[in-house]
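Me: Could you take me through reading a sheet and a pair of packed helices in a model like this one?

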Amino acid sequence: MVDPDEIAKLCYERFQQLPRRGKPEPGREWTLLAAVLRITRRANSDTVEKEVVSLGTGTKCIGQAAMSPSGDILNDSHAEVIARRGCVRYLIQELYRAVSGGGSAVFCQAEEQGKWRLHPGVSFLFFTSHTPCGDAAIIAMTGSQSQPCPPVTPAHRPEEERGRGDLKRKDEESSEVKSIKRPRQEEPETAETHLEDRGQRRQSFLSKSCEDPPQPAEERVERRSPGLCPQGADVHRTGAKCVSGGPADPLLPGEGYHWTGLLRVKPGRGQPTLSLSCSDKLARCGVLGFQGALLSLYLQEALYYSTVVVGGGPYSQEAMTRALVTRCSCVSALPAGFSVCPPQLLQSSLEFPFSQAQTELHHQAGQGRISPCGAAISWCNVPEQPLDVTANGYKHGVTRKALGTAKARSLLCKLELFHSFLSLVAATAPAARPPPLRGAELLTYWDYKQAAQSYQQAWQQLLSQAFPRWPRTDRGLLLFH
């Protein structure tokens, strides 16, 4: 049985142990935290080991126009994304140990040649200090709660209404790279072509069953959930905006402000982004796994979070279930190694000390206005360079002169993770490599992602059955090597 308070405490303690660099200024800056934990249940024992293997903080993302065809910029720096990408670094390292004969605490050989699987008793848990942005954050407000994530501020809203804590997750610029306005995109892992838009049906997807005719989750929208909030009450608003081509939020007073059940993209600094909300990305992980396309080449089965724990603050079990589970629950016809694997959803009573609410509580006169921290921190349990601090998609503190060089790159950007994966492939004996990597003419990041055919098939099933409007990355941005 998972104790959510124990999980939160482990994550907060791990954060406290990190160096000061990149952390918020107490009482003036706030941030969000997420982590991935490895859970190990020993055979013939009641012992359960819990270890934080990846931790991330951050609230920013860059806009679509700033995406790099070289893969050298970190597009999405929300804490949940940082934690997952740090976990990918950790998994690559564990696979490297396994293929090199050094032994891994995570993986053992699978029955299929060239494939690996988790050791018996090993699972992974995801922790986030806050309700994920996007659909999961659209919940009823109680009392004087602050918004769980920065809300949208439409241009037509009255000035006095805009001032009520409507902080956006804007892309704040560090002093070192002040003039570089790097908006942002997400890391969709599939072909670049867009699926045809479907017509919208204004009905509640919560009332649908898997026996009904297939209908993408994006088309099963509703303005409000039954009993979402008392009459006249307001809802927490998310800064994530509805994807283009579909219905827009009605922006009506109270519970009529948002549609629920829709895909949403994170706001950038003045420019649109292609980064899907953290609610959407976590929902995707429940079908495709959190390992990504490249590592799926080495794995017999996708890796799923057994549990998602949310820290203290605004939370709704109904909204979390809707956003992370229900929307993908009817996806079928998945290839071998993939399944719909919803996590257990829990909440801790412990609030992150650097949350927005706690920062407002401890703010003192003379500290200046409260704002989100501009830096993002990644820590993962790897022997070399476990800490990676970034701002605006690049290494924190980098000068303009260093942009475009390895010195400026985050260890979590696509290019660096790709190079780490190639090192894993090189360390694997040719005869022991997964079949798609034996003698194939693969060169670019795109080539290797497409070689993961089962992953791509699962992705296409998820797109067609649940998320047809998921924005795709242009192929031209994935041809680096």
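Reply: What follows treats the sheet and then the helix packing. This is a predicted model, in which local features need pLDDT of at least 70 and side-chain atom pairs count only at pLDDT 80 or more, while totals for chains, interfaces and linings use all residues. Residues are numbered from 1 along each chain as its sequence is written, and side-chain values use heavy atoms, with hydrogens and water left out.

Me: In what order do the eight strands of the open sheet lie?

Reply: Strands of a sheet pair through backbone hydrogen bonds, either parallel or antiparallel. Here the order is β14-β13-β8-β2-β3-β16-β17-β18, with mixed pairing, where strands are DSSP runs (E, at least two residues; helices H or I, at least four) numbered from the N terminus and a pair needs at least two DSSP bridges. β14 (344-347) and β18 (394-395) are the edge strands, each pairing on one side only.

Me: How many bridges join β2 to β8?

Reply: Seven bridges join β2 (residues 33-41) to β8 (residues 122-128), and the two run antiparallel, with L37 standing opposite L125 in β8.

Me: How are α4 and α10 oriented to each other?

Reply: Axes are lines fitted to C-alpha atoms, for helices over the stretch in contact, and angles run from 0 to 180 degrees between N-to-C directions. Helix α4 (residues 278-288) and helix α10 (residues 453-465) pack at about 125°, with axes 10 Å apart, and are therefore oblique (under 35 degrees is roughly parallel, over 145 roughly antiparallel, 65 to 115 roughly perpendicular, and the rest oblique).

Me: Which residues of α4 meet α10?

Reply: R284, V287 and L288 in α4 meet Y455, A458, W459 and L462 in α10, contact meaning heavy atoms within 4.5 Å.
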